[in-house]
Amino acid sequence: MANSCSWTGGTLQRTFTVPSGQTLTMGPGSYLYFGAGANLTNNGTIDWGNIYLYWQAGNPVINNNGVWNINTAGYGLYYSTGYGQINNTGTINKNTSNIAYIQYVNPFNNTGTINVSEGTLDFTYVTFENTSNIILAGGTFANSAGSTFNHASGSSITGNGAFTNAGTI
């Protein structure tokens with residue numbers, strides 16, 4: 001990827017890297033699929049807008065080493081035919097007042113920072129491994145039904161937002 005680009009439909013079934021200094025805009029559109037062999041590595045910026053994301057079989061992976069802005073208005077990352085994996089060593093920002101769903105991730109490894117400034121970031125059927133920072137600056141982090149939240153010693157959850165739990169801690 002030599003320049004910033006948009007992904008508004010279709011299936012990713014290969015390795016795709018967003019270089020430092022570039023932006024991948026996901027949406028608007030209907031559906032995006034992470035298929036078998038999908039490995040999305042972000043070293044720049046991902047702007048996730050109003051579009052549904054789906055995991056397909058084959059253990060797709062998202063590696064966020066840059067900035068991932070979640071700007072959806074009620075959209076989510078859902079199960080189609082399989083689970084996916086997310087590794088965050090960068091920064092994930094939840095910036096809109098609506099809910100965003102992250103579902104069917106095993107595991108979600110957070111060694112970076114997650115900022116929930118507004119709205120709700122809802123994790124359902126996720127095994128969440130936190131060894132770093134979650135900052136709740138007015139928003140809500142929801143560990144929902146079917147999810148397990150593992151919070152390592154030395155990691156932190158700070159801010160004036162909310163952490164809700166209907167899963168396992």
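How many cavities of 30 Å³ or more does a search of the whole structure find? The structure examined here is a predicted model, in which local features need pLDDT of at least 70 and side-chain atom pairs count only at pLDDT 80 or more, while totals for chains, interfaces and linings use all residues. Residues are numbered from 1 along each chain as its sequence is written, and side-chain values use heavy atoms, with hydrogens and water left out.

The search of the whole structure finds one cavity of 30 Å³ or more, where a cavity is a set of points, on a 1 Å grid over the protein atoms alone, at which a 1.4 Å probe fits but cannot get out. Rolling a probe the size of a water molecule over the atoms shows where empty space is left. The largest cavity holds about 30 Å³ of space, the volume being the space filled by probe spheres set on grid points that are joined across faces, edges and corners. Its lining, made of residues with an atom within 4 Å of a point, consists of Trp68, Ile70, Ile92, Ile102, Phe108, Leu121 and Phe123. Two or more of the lining residues are given by each of strand E10 (67-70), E14 and strand E16 (120-130). By residue type, the lining of the largest cavity divides into seven nonpolar, no polar and no charged residues; Ala, Val, Leu, Ile, Met, Phe, Trp, Tyr, Cys and Pro count as nonpolar, Asp, Glu, Lys and Arg as charged, and the others, Gly among them, as polar.

The secondary structure of the chain comprises zero helices and 21 strands, with helices (H or I, at least four residues) and strands (E, at least two) taken as DSSP runs and numbered from the N terminus. The radius of gyration of the chain is 15 Å, close to the 15 Å that the globule rule gives for 169 residues, so the chain is as compact as a globular protein of that length; the radius is taken over C-alpha atoms, and the rule is 2.2 Å times the number of residues to the power 0.38. Along the principal axes, the C-alpha atoms of the chain fill a box of roughly 40 × 30 × 30 Å. Of the 169 residues, 46% count as buried, that is, under 20% relative accessible area, with exposed meaning over 50% and partly exposed in between (1.4 Å probe, protein chains only). The chain exposes about 6,800 Å², of which carbon and sulfur atoms supply 45%, as computed by the Shrake-Rupley method with a 1.4 Å probe. Among contacts (heavy atoms within 4.5 Å) between residues at least 6 apart in sequence, 34% join residues at least 24 apart.

Tyr104 lies in strand E14 (residues 99-110) and has a positive phi of about 55 degrees although it is not a glycine. Not counting residues up to four places away in sequence, Tyr104 touches Trp55, Tyr78, Tyr79, Tyr83, Gly84, Thr124, Tyr125 and Val126. The C-alpha atoms of Tyr104 and Phe123, 19 residues apart in sequence, are 8.4 Å apart in space. Tyr125 in turn lies in strand E16, has a positive phi near 60 degrees, and counts as partly exposed at 37% relative accessibility. Tyr125 and Val126 are touched by Gly146, residues up to four places away in sequence not being counted; the place of Gly146 is in the loop between strand E18 (140-143) and strand E19 (148-151). Gly146 and Gly167, 21 residues apart in sequence, have their C-alpha atoms 5.6 Å apart.

Cis peptide bonds, with omega about 0 degrees, join Gly27 to Pro28 and Asn106 to Pro107. Pro28 is found in the loop between strand E4 (23-26) and strand E5 (31-34), whereas Pro107 is placed in strand E14.

Two further loop residues were examined. Thr81, in the loop between strand E11 (76-79) and strand E12 (84-88), counts as partly exposed at 46% relative accessibility and, leaving aside residues up to four places away in sequence, touches Trp55, Gln56 and Ala57. Ala36, in the loop between E5 and strand E6 (39-42), counts as partly exposed at 42% relative accessibility and is in contact with Gln13, Ala57 and Gly58, its neighbours within four places in sequence being left aside.

Notes:
On a 1 Å grid over the protein atoms alone, a cavity is a set of points where a 1.4 Å probe fits but cannot get out, and a pocket is an open set with protein on both sides within 12 Å along at least five of seven lines; lining residues have an atom within 4 Å of a point.
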